[in-house]
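Here are my notes after going through the model you sent.

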Amino acid sequence: MPLLRPRHRLAAALVLLGATSAAFAGPAVTRSGEAPVRCELDVSRRGGTVGLTALVHAEKATRGEYAFHVSGQGTDIRQGGPFAIASGGTEQLGRVTLGAGGSSYDADLAVVVDGKTISCSDRVGGGI
């Protein structure tokens, strides 16, 4: 079973999991629902750059895999691999810093734990 399914399946997972998506308007966070394992995309702005940080939170010790994809005009960044997190912990899975000169970026994070996919998605940029 591939880690990231085609985009239409990820979109369906987002609807089912109640994940949110927000346009960038300053520091922002996109989180999946309040499940025992949650993903988060933290968006920060510094000078002429936008930082995207992929995070996972877990109520109990958990192991899984993740895929973090950021795309936009001239950008196609993919990070991923296994992770382990302590009970009640937060783990940074990946980080990307991009130019903020008016470009828009789509960020997708998929976390797979016990065969279940938890997803976060955000669109950032565009006139920042």
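Predicted model: local features only at pLDDT ≥ 70, side-chain atom pairs only at ≥ 80, totals over all residues.

1. Cys39 sits in strand β2 (residues 37–46) and Cys120 in strand β8 (residues 116–125), so the bond ties together parts that are 81 residues apart in sequence. The S to S distance for Cys39 and Cys120 is 2.1 Å, and the disulfide count comes to 1.

2. On the overall layout, the protein chain has 1 helix and 8 strands. Going along the sequence, the pattern reads α-β-β-β-β-β-β-β-β. Of the 128 residues in the protein chain, 45% are buried. If you take the contacts between residues at least 6 apart in sequence, 57% of them join residues at least 24 apart.

3. Next, have a look at His57, which is in strand β3 (residues 49–58). His57 comes out at 13% relative accessibility; the cut-off for buried is under 20%, so this histidine counts as buried. Its side chain makes a polar contact with the side chain of Glu40, at 2.5 Å.

4. What else does His57 touch, leaving out residues up to four places away in sequence? Besides Glu40, the list has Pro36, Val37, Arg38, Ile85, Gly89 and Thr90.

5. Now the largest pocket, which holds about 260 Å³ of space. There are 12 lining residues, and the closest to the pocket centre are Pro36, Val37, Val113, Lys116 and Ile118. Two elements give two or more residues to this lining: β4 (62–72) and β8. Strand β8 provides the largest share, with 3 residues.

6. What is the make-up of that lining by class? For the largest pocket, the lining has 6 nonpolar, 2 polar and 4 charged residues.

7. A couple of places where these points meet, in case you want to view them together. Pro36 and Val37 are both touched by His57, and both are also among the residues closest to the centre of the largest pocket.

Definitions and conventions:
Residues numbered from 1 in each chain as written. Heavy atoms only, no water. Disulfide = S-S within 2.5 Å. Helix = DSSP H or I, 4+ residues; strand = E, 2+ residues; numbered from the N terminus. 1 Å grid on protein atoms, 1.4 Å probe; cavity = no way out; pocket = protein on both sides within 12 Å on 5 of 7 lines; lining within 4 Å. Points joined across faces, edges and corners; volume = space filled by probe spheres on them. Nonpolar A, V, L, I, M, F, W, Y, C, P; charged D, E, K, R; others polar. Buried < 20%, exposed > 50% of the residue type's maximum accessible area, 1.4 Å probe, protein only. Polar contact = N/O pair within 3.5 Å; in protein donor to acceptor, adjacent residues only side chain to side chain. Contact = heavy atoms within 4.5 Å.
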